[in-house]
Amino acid sequence: MPSADTLSLGFSENSRTYGSTLADERDIAGLNMTKTEMRDAQYICLSAQGNEETAIEPRMHLMPDLEFQGHFSVLRGYSAPLHVAGVKIVGDFVRNYKRGSPSEFGTVTLMDGRTEVPLAVVGGTGLSDMRSGTMTAVGAKRLAPGHPCILGHIGARDSAYWKVRLLDHLFNF
């Protein structure tokens, strides 16, 4: 199993001391993370959670106006092995399709958990989709029978793409 020491968050030592990084969806895509890197990052986070090295606060919802048919989910957490605290805000507005936009947008703010220095503000829409797909694959790897040969998936949105892609990576459907 990988360790937090092997996971590169892409921050320079200077960013941990002096400033922060702004990364949009194109920057995230430009990292060209491999499926193995995504899986390893998820294992590190799950291992930290299992070892009680995380603090994960309950999800909060913000409903700006019932007329908008949407809400924001605010998720907060800390990972001791990575020394990173973060806040993710994900909106879910069902009418966004009328504007040609996804129903969900997300933003992640990361801070050094030891100094509160901002590390990054990251476009979290694609990351949320990748994380959902990775978590599904990690769970399936532990729960699926020996060598499954059939995949059934119900769902849409971009997270469905990552779920199917990463499950196929693990099981070669």
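View A. The structure shown is a predicted model, in which local features need pLDDT of at least 70 and side-chain atom pairs count only at pLDDT 80 or more, while totals for chains, interfaces and linings use all residues. Residues are numbered from 1 along each chain as its sequence is written, and side-chain values use heavy atoms, with hydrogens and water left out. Helices (H or I, at least four residues) and strands (E, at least two) are DSSP runs, numbered from the N terminus. Helix H5 itself comprises 15 residues, 157–171, and spans 22 Å from its first C-alpha to its last, close to the 21 Å expected at 1.5 Å a residue; the expected span is 1.5 Å times one less than the number of residues.

**View B. The buried residues of H5 are Ser159, Ala160, Trp162, Leu166, Leu167, Leu170 and Phe171.** They lie on the same side of H5, because the arc that they cover around the axis is only 165°; this arc is that of the directions from the helix axis to the C-beta atoms. Buried stands for under 20% relative accessible area, exposed for over 50%, and partly exposed for values in between (1.4 Å probe, protein chains only). An α-helix has 3.6 residues a turn, so residues three or four places apart point the same way. The packing partners of the buried residues of H5 are helix H3 (35–50) and helix H4 (125–143), where contact means heavy atoms within 4.5 Å.

**View C. Three aromatic pairs are found in a search of the whole structure.** In the pair of Phe72 and Phe93, the rings are edge-to-face, at 5.2 Å centre to centre and with 65° between the planes. This pair links distant parts of the chain, since Phe72 belongs to strand E4 (residues 70–79) and Phe93 to strand E5 (residues 84–93), 21 residues apart. Phe72 counts as partly exposed because its relative accessibility is 28%, whereas Phe93, at 14%, counts as buried. Phe171 and Phe173 have ring centres 5.7 Å apart and planes at 55°, so this pair is tilted. Phe171 is buried, at 14% relative accessibility, while Phe173 is partly exposed, at 35%. Rings of Phe, Tyr and Trp (its six-membered ring) pair if their centres lie within 6.5 Å, and planes under 30 degrees apart count as stacked, over 60 as edge-to-face and the rest as tilted.

**View D. Strand E5 pairs with E4 and with strand E6 (residues 104–112).** E4 and E5 run antiparallel and are joined by ten bridges, and E5 pairs with E6, again in the antiparallel sense, over nine bridges; two strands pair if DSSP finds at least two bridges between them. Lys88 in E5 stands opposite Leu75, and in E6 the bridge partner of Lys88 is Val108. Seven of the ten residues of E5 are buried, which leaves the strand mostly covered. The hairpin of E4 and E5 has four residues between the strands, and in this hairpin His83 takes a positive phi near 55°.

**View E. Asn96 is placed in the loop between E5 and E6.** With a relative accessibility of 9%, Asn96 counts as buried. When neighbours within four places in sequence are left aside, Asn96 is in contact with Ser101, Pro102, Ser103 and Phe105.

**View F. Ala29 is placed in helix H2 (residues 25–30).** Its relative accessibility is 52%, and Ala29 therefore counts as exposed. Ala29 and Leu127, although 98 residues apart in sequence, are 9.2 Å apart in space, C-alpha to C-alpha.

**View G. Cys45 is partly exposed, at 35% relative accessibility, and Cys149 is exposed, with a relative accessible area of 65%.** A search of the whole structure finds zero disulfides, a disulfide being a pair of cysteine sulfur atoms within 2.5 Å.

**View H. The protein chain as a whole contains five helices and seven strands.** Along the sequence, the pattern reads α-β-α-α-β-β-β-β-β-β-α-α. Of the 173 residues of the protein chain, 32% count as buried. Among contacts between residues at least 6 apart in sequence, 54% join residues at least 24 apart.
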